Amino acid sequence: MLKDYVIITGAYGGLGKALSLVYAKEGFGLILLGRKKKKLQELENELSKISEIESVVCDVSNWKSCQKAYIQIMDMGVKIKALINNAGITYIQNFDTNYKIDKYQELINTNLNGVVYLTQLFIDVLIKNKGSIITISSVIGYAPVIGRTAYAASKFGLEGFFSVLGAEQDDKLHIMMAYPTFIQTQIRDNSNLSVKKYEVLTADQVANKIFDAYSKKKSKVYIGKTAKLSYYLYKYLPNFYVNLMRKKVNNKI
Ligand SMILES: NC(=O)c1ccc[n+]([C@@H]2O[C@H](COP(=O)([O-])OP(=O)(O)OC[C@H]3O[C@@H](n4cnc5c(N)ncnc54)[C@H](OP(=O)(O)O)[C@@H]3O)[C@@H](O)[C@H]2O)c1
(Lines give C-alpha, C1' and ligand atoms only; values in the text may rest on other atoms or scores of the structure.)
Protein backbone atom coordinates (compact mmCIF):
# COMPACT_ATOMS: atom_id res chain seq x y z
CA MET A 1 0.00 0.00 0.00
CA LEU A 2 1.23 3.50 -0.84
CA LYS A 3 2.30 5.64 2.10
CA ASP A 4 0.13 8.70 2.83
CA TYR A 5 1.93 12.03 2.44
CA VAL A 6 1.11 15.42 3.95
CA ILE A 7 2.16 18.75 2.45
CA ILE A 8 3.04 21.33 5.13
CA THR A 9 3.64 25.00 4.27
CA GLY A 10 5.87 27.13 6.47
CA ALA A 11 7.30 23.80 7.58
CA TYR A 12 10.36 25.00 9.52
CA GLY A 13 8.45 27.73 11.42
CA GLY A 14 7.31 27.27 15.02
CA LEU A 15 4.00 25.52 14.47
CA GLY A 16 5.06 24.07 11.09
CA LYS A 17 7.98 22.20 12.65
CA ALA A 18 5.83 20.88 15.49
CA LEU A 19 3.18 19.70 12.99
CA SER A 20 5.87 18.10 10.82
CA LEU A 21 7.15 16.17 13.83
CA VAL A 22 3.70 14.96 14.88
CA TYR A 23 2.71 13.78 11.39
CA ALA A 24 6.10 12.10 10.84
CA LYS A 25 5.79 10.27 14.18
CA GLU A 26 2.28 9.16 13.21
CA GLY A 27 3.73 7.47 10.12
CA PHE A 28 2.95 9.99 7.39
CA GLY A 29 5.47 10.91 4.71
CA LEU A 30 6.04 14.66 4.54
CA ILE A 31 6.50 17.22 1.81
CA LEU A 32 7.95 20.26 3.51
CA LEU A 33 7.37 23.64 1.85
CA GLY A 34 9.19 26.85 2.67
CA ARG A 35 11.10 29.74 1.14
CA LYS A 36 14.58 28.91 2.47
CA LYS A 37 16.31 25.89 0.96
CA LYS A 38 18.88 25.57 3.76
CA LYS A 39 16.25 25.52 6.52
CA LEU A 40 14.17 23.00 4.57
CA GLN A 41 17.22 20.79 4.14
CA GLU A 42 18.04 20.95 7.86
CA LEU A 43 14.50 19.91 8.79
CA GLU A 44 14.47 17.20 6.13
CA ASN A 45 17.70 15.75 7.58
CA GLU A 46 16.31 15.88 11.12
CA LEU A 47 12.99 14.20 10.28
CA SER A 48 14.42 11.62 7.86
CA LYS A 49 15.27 9.51 10.92
CA ILE A 50 11.53 9.19 11.59
CA SER A 51 9.78 9.05 8.20
CA GLU A 52 10.09 9.64 4.46
CA ILE A 53 10.65 13.32 3.87
CA GLU A 54 10.79 15.49 0.75
CA SER A 55 11.16 19.24 0.59
CA VAL A 56 10.28 21.81 -2.02
CA VAL A 57 11.13 25.51 -2.12
CA CYS A 58 7.90 27.47 -2.41
CA ASP A 59 6.90 31.06 -1.73
CA VAL A 60 3.18 30.60 -1.13
CA SER A 61 2.46 34.27 -1.88
CA ASN A 62 3.63 33.77 -5.46
CA TRP A 63 1.32 31.92 -7.89
CA LYS A 64 4.18 30.89 -10.22
CA SER A 65 6.20 29.52 -7.31
CA CYS A 66 3.15 27.48 -6.19
CA GLN A 67 2.64 26.13 -9.73
CA LYS A 68 6.33 25.13 -9.88
CA ALA A 69 6.08 23.40 -6.50
CA TYR A 70 2.92 21.58 -7.64
CA ILE A 71 4.73 20.15 -10.70
CA GLN A 72 7.68 19.03 -8.55
CA ILE A 73 5.36 17.36 -6.05
CA MET A 74 3.25 15.59 -8.68
CA ASP A 75 6.46 14.28 -10.27
CA MET A 76 7.26 12.53 -6.98
CA GLY A 77 4.37 10.14 -7.64
CA VAL A 78 3.44 9.90 -3.96
CA LYS A 79 -0.07 9.65 -2.49
CA ILE A 80 -1.05 13.07 -1.11
CA LYS A 81 -3.51 12.72 1.73
CA ALA A 82 -3.50 16.21 3.24
CA LEU A 83 -2.50 19.82 2.64
CA ILE A 84 -1.72 21.82 5.76
CA ASN A 85 -1.91 25.55 5.09
CA ASN A 86 0.27 26.77 7.91
CA ALA A 87 2.58 29.48 6.49
CA GLY A 88 1.62 32.90 7.77
CA ILE A 89 2.87 36.33 8.76
CA THR A 90 1.52 39.15 10.88
CA TYR A 91 1.51 42.95 10.76
CA ILE A 92 0.52 44.76 13.91
CA GLN A 93 -0.43 48.41 13.47
CA ASN A 94 -3.63 50.33 14.07
CA PHE A 95 -5.21 51.38 10.79
CA ASP A 96 -4.38 55.02 10.18
CA THR A 97 -2.40 57.12 7.72
CA ASN A 98 0.87 55.47 8.86
CA TYR A 99 -0.47 52.05 7.96
CA LYS A 100 1.78 50.47 5.33
CA ILE A 101 -0.16 49.25 2.33
CA ASP A 102 2.79 47.19 1.06
CA LYS A 103 2.76 45.23 4.34
CA TYR A 104 -0.98 44.73 4.01
CA GLN A 105 -0.50 43.42 0.47
CA GLU A 106 2.30 41.06 1.51
CA LEU A 107 0.18 39.70 4.35
CA ILE A 108 -2.90 39.11 2.18
CA ASN A 109 -0.76 37.50 -0.51
CA THR A 110 0.74 35.12 2.05
CA ASN A 111 -2.05 34.31 4.50
CA LEU A 112 -5.02 34.38 2.12
CA ASN A 113 -3.94 34.16 -1.53
CA GLY A 114 -1.25 31.55 -0.81
CA VAL A 115 -3.85 29.25 0.71
CA VAL A 116 -6.18 29.74 -2.26
CA TYR A 117 -3.35 29.01 -4.75
CA LEU A 118 -2.31 25.71 -3.15
CA THR A 119 -5.89 24.65 -2.53
CA GLN A 120 -6.69 25.11 -6.20
CA LEU A 121 -3.61 23.23 -7.34
CA PHE A 122 -4.16 20.21 -5.07
CA ILE A 123 -7.96 20.07 -4.85
CA ASP A 124 -8.41 17.33 -7.48
CA VAL A 125 -5.75 15.05 -6.07
CA LEU A 126 -7.07 15.51 -2.53
CA ILE A 127 -10.63 14.67 -3.60
CA LYS A 128 -9.34 11.60 -5.45
CA ASN A 129 -7.44 10.43 -2.34
CA LYS A 130 -10.32 11.24 0.06
CA GLY A 131 -7.96 13.71 1.64
CA SER A 132 -8.04 16.76 3.90
CA ILE A 133 -7.23 20.45 3.78
CA ILE A 134 -6.22 21.77 7.18
CA THR A 135 -5.86 25.52 7.51
CA ILE A 136 -4.33 27.32 10.46
CA SER A 137 -6.55 30.26 11.30
CA SER A 138 -6.58 32.10 14.64
CA VAL A 139 -8.88 33.63 17.24
CA ILE A 140 -8.66 36.59 14.83
CA GLY A 141 -10.45 34.38 12.28
CA TYR A 142 -13.76 34.94 14.13
CA ALA A 143 -13.26 37.71 16.71
CA PRO A 144 -11.66 41.16 16.35
CA VAL A 145 -8.40 42.11 18.08
CA ILE A 146 -7.12 45.68 17.76
CA GLY A 147 -4.04 46.32 15.64
CA ARG A 148 -4.75 43.36 13.38
CA THR A 149 -6.88 44.67 10.50
CA ALA A 150 -4.78 42.95 7.80
CA TYR A 151 -4.43 39.72 9.75
CA ALA A 152 -8.18 39.67 10.44
CA ALA A 153 -8.94 40.36 6.77
CA SER A 154 -6.80 37.34 5.84
CA LYS A 155 -8.16 34.94 8.47
CA PHE A 156 -11.81 36.05 8.13
CA GLY A 157 -11.24 35.76 4.37
CA LEU A 158 -10.16 32.14 4.80
CA GLU A 159 -13.30 31.50 6.81
CA GLY A 160 -15.48 32.72 3.95
CA PHE A 161 -13.45 30.91 1.32
CA PHE A 162 -13.57 27.53 3.06
CA SER A 163 -17.21 27.84 4.12
CA VAL A 164 -18.17 28.16 0.45
CA LEU A 165 -15.73 25.46 -0.71
CA GLY A 166 -17.06 23.13 1.99
CA ALA A 167 -20.61 23.70 0.79
CA GLU A 168 -19.55 23.07 -2.82
CA GLN A 169 -17.64 19.87 -2.07
CA ASP A 170 -19.85 18.57 0.76
CA ASP A 171 -18.48 15.17 1.82
CA LYS A 172 -16.05 14.80 -1.11
CA LEU A 173 -13.33 16.69 0.78
CA HIS A 174 -12.51 16.99 4.49
CA ILE A 175 -11.91 20.66 5.32
CA MET A 176 -10.71 21.60 8.80
CA MET A 177 -10.01 25.03 10.28
CA ALA A 178 -7.79 25.27 13.39
CA TYR A 179 -8.10 28.29 15.68
CA PRO A 180 -5.26 28.39 18.20
CA THR A 181 -4.78 31.04 20.83
CA PHE A 182 -1.30 32.59 21.27
CA ILE A 183 1.54 30.19 20.47
CA GLN A 184 5.16 30.85 21.43
CA THR A 185 6.75 30.94 17.95
CA GLN A 186 8.87 33.12 15.69
CA ILE A 187 5.84 35.14 14.52
CA ARG A 188 5.71 36.56 18.04
CA ASP A 189 9.48 37.10 18.32
CA ASN A 190 9.46 38.88 14.93
CA SER A 191 6.88 41.36 16.20
CA ASN A 192 8.50 41.97 19.61
CA LEU A 193 5.27 40.87 21.24
CA SER A 194 5.07 40.17 24.90
CA VAL A 195 2.29 37.85 25.97
CA LYS A 196 3.55 37.09 29.47
CA LYS A 197 0.22 38.01 31.06
CA TYR A 198 -1.82 35.84 28.71
CA GLU A 199 -2.40 32.19 27.93
CA VAL A 200 0.41 31.07 25.60
CA LEU A 201 0.57 27.52 24.30
CA THR A 202 3.61 25.68 23.02
CA ALA A 203 3.73 24.73 19.35
CA ASP A 204 3.83 21.05 20.38
CA GLN A 205 0.59 21.38 22.39
CA VAL A 206 -1.15 23.01 19.43
CA ALA A 207 0.22 20.50 16.89
CA ASN A 208 -1.00 17.55 18.98
CA LYS A 209 -4.50 19.04 19.25
CA ILE A 210 -4.58 19.62 15.50
CA PHE A 211 -3.54 16.04 14.78
CA ASP A 212 -6.14 14.70 17.18
CA ALA A 213 -8.91 16.78 15.54
CA TYR A 214 -7.68 15.73 12.07
CA SER A 215 -7.85 12.06 13.08
CA LYS A 216 -11.43 12.58 14.21
CA LYS A 217 -12.23 14.37 10.91
CA LYS A 218 -13.45 17.49 12.73
CA SER A 219 -14.29 20.58 10.70
CA LYS A 220 -13.25 23.10 13.36
CA VAL A 221 -10.90 22.96 16.33
CA TYR A 222 -10.58 25.73 18.93
CA ILE A 223 -7.30 25.38 20.79
CA GLY A 224 -6.79 26.94 24.22
CA LYS A 225 -9.12 28.54 26.76
CA THR A 226 -8.81 32.00 25.20
CA ALA A 227 -9.89 30.65 21.81
CA LYS A 228 -13.00 29.00 23.25
CA LEU A 229 -13.94 31.90 25.55
CA SER A 230 -13.47 34.49 22.78
CA TYR A 231 -15.67 32.44 20.47
CA TYR A 232 -18.62 32.38 22.86
CA LEU A 233 -18.17 35.94 24.14
CA TYR A 234 -18.01 37.49 20.67
CA LYS A 235 -20.89 35.38 19.39
CA TYR A 236 -23.31 36.01 22.25
CA LEU A 237 -22.01 39.22 23.89
CA PRO A 238 -20.16 41.09 21.12
CA ASN A 239 -20.08 44.51 22.82
CA PHE A 240 -18.83 43.01 26.06
CA TYR A 241 -16.13 41.09 24.14
CA VAL A 242 -14.94 44.22 22.29
CA ASN A 243 -14.77 46.33 25.48
CA LEU A 244 -12.89 43.59 27.33
CA MET A 245 -10.50 43.02 24.44
CA ARG A 246 -9.77 46.77 24.20
CA LYS A 247 -8.84 46.84 27.88
CA LYS A 248 -6.65 43.73 27.69
CA VAL A 249 -4.96 44.10 24.34
CA ASN A 250 -2.60 46.75 23.15
CA ASN A 251 -0.06 46.70 20.37
CA LYS A 252 2.49 45.05 22.64
CA ILE A 253 0.76 41.67 22.77
N1 LIG B 1 2.02 32.25 16.97
C2 LIG B 1 0.76 32.51 17.27
O3 LIG B 1 0.46 33.08 18.32
C4 LIG B 1 -0.35 32.07 16.35
C5 LIG B 1 -1.67 32.04 16.85
C6 LIG B 1 -2.70 31.63 16.01
C7 LIG B 1 -2.44 31.26 14.72
N8 LIG B 1 -1.14 31.31 14.24
C9 LIG B 1 -0.92 30.90 12.84
O10 LIG B 1 -0.06 29.78 12.85
C11 LIG B 1 0.61 29.70 11.58
C12 LIG B 1 2.09 29.44 11.81
O13 LIG B 1 2.66 30.56 12.43
P14 LIG B 1 3.84 30.45 13.52
O15 LIG B 1 3.30 31.03 14.76
O16 LIG B 1 4.42 29.09 13.53
O17 LIG B 1 4.87 31.51 12.92
P18 LIG B 1 6.39 31.36 12.47
O19 LIG B 1 7.19 30.64 13.51
O20 LIG B 1 6.83 32.76 12.11
O21 LIG B 1 6.30 30.46 11.17
C22 LIG B 1 5.71 30.92 10.00
C23 LIG B 1 6.29 30.15 8.83
O24 LIG B 1 5.69 30.63 7.62
C25 LIG B 1 6.72 30.80 6.66
N26 LIG B 1 6.36 31.77 5.64
C27 LIG B 1 6.10 33.09 5.77
N28 LIG B 1 5.84 33.63 4.58
C29 LIG B 1 5.92 32.63 3.65
C30 LIG B 1 5.76 32.55 2.25
N31 LIG B 1 5.45 33.65 1.52
N32 LIG B 1 5.93 31.36 1.64
C33 LIG B 1 6.25 30.25 2.35
N34 LIG B 1 6.42 30.26 3.68
C35 LIG B 1 6.26 31.44 4.33
C36 LIG B 1 7.93 31.27 7.47
O37 LIG B 1 9.12 31.01 6.75
P38 LIG B 1 10.18 32.15 6.31
O39 LIG B 1 11.37 31.91 7.16
O40 LIG B 1 10.42 31.88 4.88
O41 LIG B 1 9.54 33.50 6.55
C42 LIG B 1 7.80 30.34 8.68
O43 LIG B 1 8.39 29.11 8.40
C44 LIG B 1 0.30 31.01 10.85
O45 LIG B 1 -0.70 30.80 9.88
C46 LIG B 1 -0.22 31.91 11.96
O47 LIG B 1 -1.11 32.89 11.47
C48 LIG B 1 -0.10 31.68 15.03
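How many residues has helix H7, and how far does the helix reach from its first C-alpha to its last? In this predicted model, local features need pLDDT of at least 70 and side-chain atom pairs pLDDT 80 or more, while totals for chains, interfaces and linings use all residues. Residues are numbered from 1 along each chain as its sequence is written, and side-chain values use heavy atoms, without hydrogens and water.

Helix H7 (residues 203–215) has 13 residues and spans 18 Å, close to the 18 Å expected at 1.5 Å a residue, the expected span being 1.5 Å times one less than the number of residues. Helices are DSSP runs (H or I, at least four residues), numbered from the N terminus. Buried residues (under 20% relative accessible area, 1.4 Å probe, protein chains only) of H7 are Ala 203, Val 206, Ala 207, Ile 210, Phe 211, Ala 213 and Tyr 214. These lie on the same side of H7, because they cover an arc of only 165° around the axis, taken from the directions from the helix axis to the C-beta atoms. An α-helix has 3.6 residues a turn, so residues three or four places apart point the same way.

For polar contacts (pairs of N or O atoms within 3.5 Å), an oxygen atom of the ligand is 2.6 Å from a side-chain N or O atom of Arg 35. The corresponding distance is 2.5 Å for Tyr 151 and 2.5 Å for Thr 185.

Terms used
Polar contact = N/O pair within 3.5 Å; in protein donor to acceptor, adjacent residues only side chain to side chain. Helix = DSSP H or I, 4+ residues; strand = E, 2+ residues; numbered from the N terminus. Buried < 20%, exposed > 50% of the residue type's maximum accessible area, 1.4 Å probe, protein only.
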